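Q: Hey, I've got this protein open and I'm a bit lost. Can you walk me through some of it?

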Amino acid sequence: ALPGHLLRGLLPLLTIFHLERAEDAARRAGLSTQPIWRKLWDDVMKTRPPNSESITCWRKKFLETFFSNVLHGVLDVSSDWRLHDRHFSPLLHSSPHVSQLTLCNMLQGAVELTAEHNHKVLENLAASLRVLKFQHLLSCDRSIRRSLVLLLHRLIHHGSVSQVSMCSWPVPDTVLLVLILTMSAGFWRSGNALACHGSPCGLCREEDKAQSQESAQEGAERGCSAEWEGSGAENQKRSPKEAHACMTSVLSGPRSPPLQSPACEETSSEVPCGHTSIQGGSSHRSSSEQLLSCHPIPRKIRRRQKPAVGRKRRCLRRSRGHYADPEDLYDFVFTVAREDNSGLLDKIGTTEGENTENWTSSSPRLPCTGHAGCKKRGGPAGTLSLKAAHRFRSVSTLELFSIPLTGETCRTLSNLLSSWVSLENLVLSYNGLNANISCILSGLRALSRHPECRFRVLRVSDMFSHMPCMELVRFVLSALPQLHTLSVSFDLKNQLEGSRPEASLSCSEAEIPESCLEVLEIRFPREPLHTAFLLPVLKASKSLQQLSLDSATLPCPQELGLLLEVLKECTPNLKKLSFHDVNLAEHQKEVLLLLQDPGLQEITFSFCRLFESSTAEFLSEIINTVKRNSSLKSLKLPGNRLGNHRLVALADIFSEDSSSSLCQLDVSSNCIKPDGLLEFTKKLEGHFQQRGGQLPFTHLRLFQNWLDQDAETAQEALRRLRAVCSVVNDAWDSSQAFADYISVM
């Protein structure tokens, strides 16, 4: 209740505990705490955060980073008086603000978070955390893996984590990798006791109890309904009071007997391991039929009985005082990595008319890890379907960066992908896939046929390409027509000369089914861009809105013109077009045609050597073309050797006679010096005044220019520019960059 002027003076003197508590009061008084949190960042973290210009809430940014640093032991709370408060628990009070968390090395953070004294911290993270990252992981012992299991189970299966990312793992531990993948996919064997400090998972127990009660309640209602209908004539003779008493007696009776007879109880209470499999053969079906024969059960209840069998067996073991051996927690994962996937590519997605039931029955199978003597029917001995595992909530985004994936791991991932219906985004970057990409695509193809599939984004990048880029794009779109975004990126062709086939003419003749593709990004490993190979892809992608072509070579001068014709004919909805590292020095006519296209809203010519051999007339034509184009919103020209004089000339795009709607201009990496930037600023200010302070121009990007050569002039230019538009730049050392350039020449 302090007056605003007193609160304003008090806020900088508070510890972060009291600053947090004063947040609402400051908001009511119309005061912003953002400058205080920003100063806290500078004083405590002593680093400049990446993409600082995009940070909208410094409070959240500080507390999230503070949590991570305290968890990993890199920040001492006693180092600053504002962090030290007897009422303040660092992890507990900052955890509600954590939406992204990174665990590294030996997973010490997982051990700390699953400790008993951090129970409330874990509960907070389960509600707030959305992105879980693993970085630079090392092999760890079983006790640490057990902590990781508990953490993943709480944060993914019973939490809000929607994205799992793993990166920088040069020699991955197969067991640990498959453990994370399996639990991210929502799979865990139903026979496992996910124990926390010696007791089963409380949330799982509550869910089992709720489902059991729901099934019992519905069973009682069905029994009641049958009895009520069977005695309809008698009820009609009764008084309303007597009828109500009859109904009450039926509903209050025992709920279990209506579901099954004593014979059924005996059958379901001592279920052998073989009966836990969905594909368990005749034994499983006979027990189910015996259970269902006791009372007619609607179809939706019949589906519930399958996991209920596994739960009943678990509860029986617990009632006898036997919890699963600690080693059982990892049996499932150990065997997933050693599974036999022979014939996988032949099994998945071979029949176009295959329905959901057939698709499920032909899904990849994993080795059984049940009791000794377990015998399966309807398949190889010792195997069980993934559906025999308990299915929990799963994540929607999976990212794997710089993690080598062996053929065995790829087959395991393919198995998981085939039924990962919640998956929307998959990013595979520098995993050394090579020919194993076909295995991944097989799993995704099976997934795409699932009626509940949500998969929309696939990004694949690697050092070497196993096949020509356009051929891979064609295969992906043929297998996954529902994709919205596809990104394919390779640095080099296959390292073995002649081991990679070149694109054949059949690639240009093959038909591709109509797709939902909206974004297509291709980075060629210095391959020639043949429009004929791109044509079937564009024809099938009528919804395409964004196209990016990177590091391609143009085999002949007419190739770019052919591409523009195809784009105009096949992609009427194209809004964004990007060329990166494509030599356009001799294609000035095509560049001008693109700039005057009324359908394009964003055009990028990045490191395309536009002005390498151009004349002053070409620059004037570019300016006049953009001035007449009212649909173009963003023009990005990084790395095209603009220099000072061309930058100054570009200011005329915003002159008084211009009809341009350009609001974003990127001139990064263009050898711009402070005096040139200042002259550009003065010219822009003149146009700004002529148009009565109304310019569409809002954003200017200036990364990696030579502004450090005269700091004073650069600061003046930037200060005046920021009065006209938003400017994004960096502290770039041009002399060091030039030295690096010389060193690699």
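Q: Okay, how many bridges join strand β15 to strand β16?
A: Five bridges join them, with β15 covering residues 546–550 and β16 covering residues 576–580. The two strands run parallel. Keep in mind that this is a predicted model.

Q: Which residue stands opposite S578 in β16?
A: That's S548.

Q: And where does the chain go to cross from β15 to β16?
A: It passes through helix α25, residues 559–570, and this β-α-β crossover is right-handed.

Q: What about β16 and β17, how many bridges there?
A: Five bridges join β16 to β17, which is residues 602–606, and these strands run parallel. H580 stands opposite S606 in β17. To cross from β16 to β17, the chain goes through helix α26 (residues 588–595), in a right-handed β-α-β crossover.

Q: Where is F607?
A: F607 sits in the loop between β17 and α27, the helix at 616–628.

Q: What's phi like for F607?
A: Phi of F607 is near 55 degrees, which is a positive value in a residue other than glycine.

Q: Why point that out?
A: Because most residues other than glycine have a negative phi.

Q: You mentioned α21. How do the axes of α20 and α21 cross?
A: They cross at roughly 10 degrees and come within 8 Å, with α20 being residues 407–417 and α21 residues 437–448. Angles under 35 degrees count as roughly parallel, so α20 and α21 are roughly parallel to each other.

Q: Which residues make that contact?
A: From α20 you have C410, R411, L413, S414 and L417, and from α21 there are C439, I440, S442, G443, L444 and L447. They divide into seven nonpolar, three polar and one charged.

Q: New topic: what do helices α28 and α29 do?
A: The axes of α28 (residues 643–650) and α29 (residues 674–690) come within 9 Å, crossing at roughly 10 degrees. That makes α28 roughly parallel to α29.

Q: Which residues of α28 and α29 meet?
A: N644, L647, V648, A649 and L650 in α28 meet D675, G676, L677, E679, F680 and K683 in α29. The contact of α28 with α29 has six nonpolar, two polar and three charged residues.

Q: Let's jump to H158. What's its place in the chain?
A: H158 is in the loop between α9 (142–157) and β3 (163–167).

Q: Buried or exposed?
A: H158 has 14% relative accessibility, so it counts as buried.

Q: What does H158 touch?
A: Leaving out residues up to four places away in sequence, H158 touches A126, H153, C201, L203, C204, E207 and F392. Also, the C-alpha atoms of H158 and S394 are separated by 9.5 Å, though the two residues are 236 residues apart along the chain.

Q: Last one, the whole protein: how many helices and strands?
A: The protein has 31 helices and 21 strands. It has 745 residues, and buried ones make up 51% of them. Of the contacts with a separation of 6 or more, 83% are between residues 24 or more positions apart.

Definitions and conventions. Residues numbered from 1 in each chain as written. Predicted model: local features only at pLDDT ≥ 70, side-chain atom pairs only at ≥ 80, totals over all residues. Heavy atoms only, no water. Axes fitted to C-alpha atoms, helices over the stretch in contact; angles between N-to-C directions. Helix = DSSP H or I, 4+ residues; strand = E, 2+ residues; numbered from the N terminus. Parallel < 35°, antiparallel > 145°, perpendicular 65-115°, else oblique. Contact = heavy atoms within 4.5 Å. Nonpolar A, V, L, I, M, F, W, Y, C, P; charged D, E, K, R; others polar. Pairing = 2+ DSSP bridges. Right-handed = clockwise from strand over helix to strand, strands pointing away. Buried < 20%, exposed > 50% of the residue type's maximum accessible area, 1.4 Å probe, protein only.
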